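This briefing collects computed features of one structure for a reader who will examine the atoms directly. The sequence and the coordinates are shown first, and the notes that follow are grouped by topic.

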Amino acid sequence: MILLPLSVKVVFSTPTYILLAIAVAIPFWILFNVFDQLIFFEPIWIFYLPDDAIVGFILTTIISILMGMLVGMNIYVIRNSKLKISKASLFSGSSLSIISGVCSSCSSVGFLLISTFGSIGVIASNLLTIYQIPLRIVSLAILIFALYYIHKRITQSCVLDINDDNSMGTEQKYQKKSDT
Amino acid sequence: MNLRSVTSVIMTVSAFGTLLFSHQAIYFFFEDAGKLVVIAQTDSTESQFQLSNLIEQGSPYLGNLSAPITIVDFSDFQCHLCARYVKNTEPLINETYIQTGQVALVFKHLPNRGFDSMGAHLAAQCTNEQGKFWQFHGLLYEYQQGIDSGWANEDNLKKIASQVPGLDIVRFNSCFDAQTYKEFIDSDVKLANSQGFFDTPSFIIVNSIDGSDPEVIRGAQPFPPFESIIEKKLDELKK
């Protein structure tokens, strides 16, 4: 049995968020694989996974799934505004997920730099190609951090206002009355 | 808070989405621009890709001169995707179509993946002078490491060349040191760019006899896309 974190259980108990996560993950997965030359649309539609691309493929697949989850969880937080999440955390969570995703496709974007920026482009492209796997691992680490951050926000942001009778359960109300 | 946060998230997602899709758009723009160039230059392109002309110019080739179809391969020895193609796809093309005399494969130089690439291509063309190009080509992709990591510097290229059986190393060194084929390689690069090829590997598949009916394949694609184009061309030629 797989033990899922509480935040994941809470958010993805609603089919809308599962669909949202899938809707985010699939386009990114396709884009990453197009950049990595694992999916081709011309002259025929084809996907193939050569030996040298397996590690990169596994990393981009995990990154795509985590990005989908993170965006879904962020949207959940936005919609459930009573959680009182700060602007900064919300922004950083989403930003981190997107930036890390873009980072993992940097190697391909880098190829474009060659023709655009001449020698500097060559150097940039070379660095991005050489450090493609480490960059993706960094992206993954950032995503995991962002997920942990949003998990903490979802699970620890319930604020109980002791002055508000409506926010208390029966037991708490009873306790308050007996105190007075 | 909500409205601002939602706006900021939407803006962030939009910004990065735009970045990603603009990259794709630029890629497709270049791709389309390349096609336009191909269309605009069809007349001159046909003779440029005629198999007999390619061989006369001194381009390395594999296969039978009477093969009805020619694959022109624009590659870089430092490009890891080219190595992927050489390891996974080229052997299947060779076995299925080149050895059976149906296809000829011509190599064109497109050094664009680093500062050591030009040296590797100069060396490779020097080995072609002695009919040893494909052995050297195989060794370069076998020894390929990170771009400009030193594996393709002058000394290492000479060491790799010395492993090619039957290569006259004195003649090779003289050719390589004099950069004999610099202009030849530059003209290959110009030809590639005129076809809209800036990335490696890129391929153009034509009818050998006159270089007509060009079909383009971009990237280190597996065997089936090549098979589909070649079979289609073979069927058309039979009619």
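A residue counts as buried when its relative accessible area is under 20%, as exposed when it is over 50%, and as partly exposed in between. By that cut-off B:Thr127, at 0% relative accessibility, is buried. The model is predicted, and the values below are all to be read as computed from it.

**Chain A as a whole**

- The secondary structure of chain A consists of 7 helices and 2 strands, and from the N terminus onward these elements follow the order α-α-β-β-α-α-α-α-α.
- Chain A has 180 residues, of which 44% count as buried, while its accessible surface amounts to about 10,000 Å², with 69% of that belonging to carbon and sulfur atoms.
- Among the contacts in chain A with a separation of 6 or more, 68% are made between residues 24 or more positions apart.

- B:Thr127 sits in helix H6, which spans residues 117-129 of chain B, and, once neighbours within four places in sequence are set aside, B:Thr127 is in contact with B:Lys132, B:Phe133, B:Phe136, B:Leu167 and B:Phe172.
- B:Thr89 is placed in the loop between helix H4 (80-88) and helix H5 (90-98) of chain B, and it counts as buried because its relative accessibility is 0%.
- Apart from neighbours within four places in sequence, the contacts of B:Thr89 are A:Tyr48, B:Arg84, B:Gln221, B:Pro222, B:Phe223 and B:Phe226.
- One of these contacts, B:Pro222, is 133 residues from B:Thr89 in sequence, yet the two C-alpha atoms are 5.4 Å apart in space.

**Salt bridges**

- Side chains of opposite charge can pair when their charged atoms come close, and over all chains the structure holds 8 salt bridges.
- One of them pairs the side chains of B:Arg84 and A:Asp52, with 3.1 Å from N to O; B:Arg84 lies in helix H4 of chain B and A:Asp52 in the loop between strand S2 (46-47) and helix H3 (54-79) of chain A, so this pair joins two chains.
- Within helix H10 of chain B, B:Lys182 and B:Asp186 are 4 residues apart, about one turn of the helix, and their side chains meet in a salt bridge at 3.0 Å, N to O.
- B:Lys182 counts as partly exposed at 31% relative accessibility, and B:Asp186 likewise counts as partly exposed, at 28%.

**A patch of negative charge**

- On the surface, B:Glu227, B:Glu231, B:Asp235 and B:Glu236 gather in a patch of negative charge.
- B:Glu236, a member of that patch, lies in helix H11 (residues 223-238) of chain B and counts as partly exposed, with a relative accessibility of 36%.

**Backbone geometry**

- Most residues other than glycine have a negative phi, and most peptide bonds are trans.
- A cis peptide bond, with omega about -5 degrees, joins A:Glu42 and A:Pro43, and A:Pro43 is found in the loop between strand S1 (39-40) and S2 of chain A.
- In chain B, the peptide bond from B:Thr200 to B:Pro201 is cis, with omega near -10 degrees, and B:Pro201 is located in the loop between H10 and strand S4 (202-207).
- B:Asp148, although not a glycine, has a positive phi of about 60 degrees; B:Asp148 is in the loop between helix H7 (133-143) and helix H8 (154-162) of chain B and is partly exposed, with a relative accessible area of 25%.
- B:Asp213 is a residue other than glycine with a positive phi, near 55 degrees; B:Asp213 lies in the loop between S4 and strand S5 (215-218) of chain B and counts as partly exposed at 32% relative accessibility.

Methods
Residues are numbered from 1 along each chain as its sequence is written. Chains are lettered from A and ligands numbered from 1 in the order in which they are written. This is a predicted model: local features need pLDDT of at least 70, side-chain atom pairs count only at pLDDT 80 or more; totals for chains, interfaces and linings use all residues. Side-chain values use heavy atoms; hydrogens and water are left out. Patches are made of residues with over 30% relative accessible area and no salt bridge: like charges are joined within 9 Å, nonpolar side chains (Val, Leu, Ile, Met, Phe, Trp, Tyr) within 5 Å. Accessible areas come from the Shrake-Rupley method with a 1.4 Å probe; for residues, only the protein chains shown count as cover. A salt bridge is a side-chain nitrogen of Lys or Arg within 4 Å of a carboxyl oxygen of Asp or Glu. Lys and Arg count as positive and Asp and Glu as negative; His and the chain ends are not counted. The place of a charge is taken as NZ of Lys, CZ of Arg, CG of Asp or CD of Glu. Buried means under 20% relative accessible area, exposed over 50%, partly exposed in between (1.4 Å probe, protein chains only). Contact means heavy atoms within 4.5 Å.
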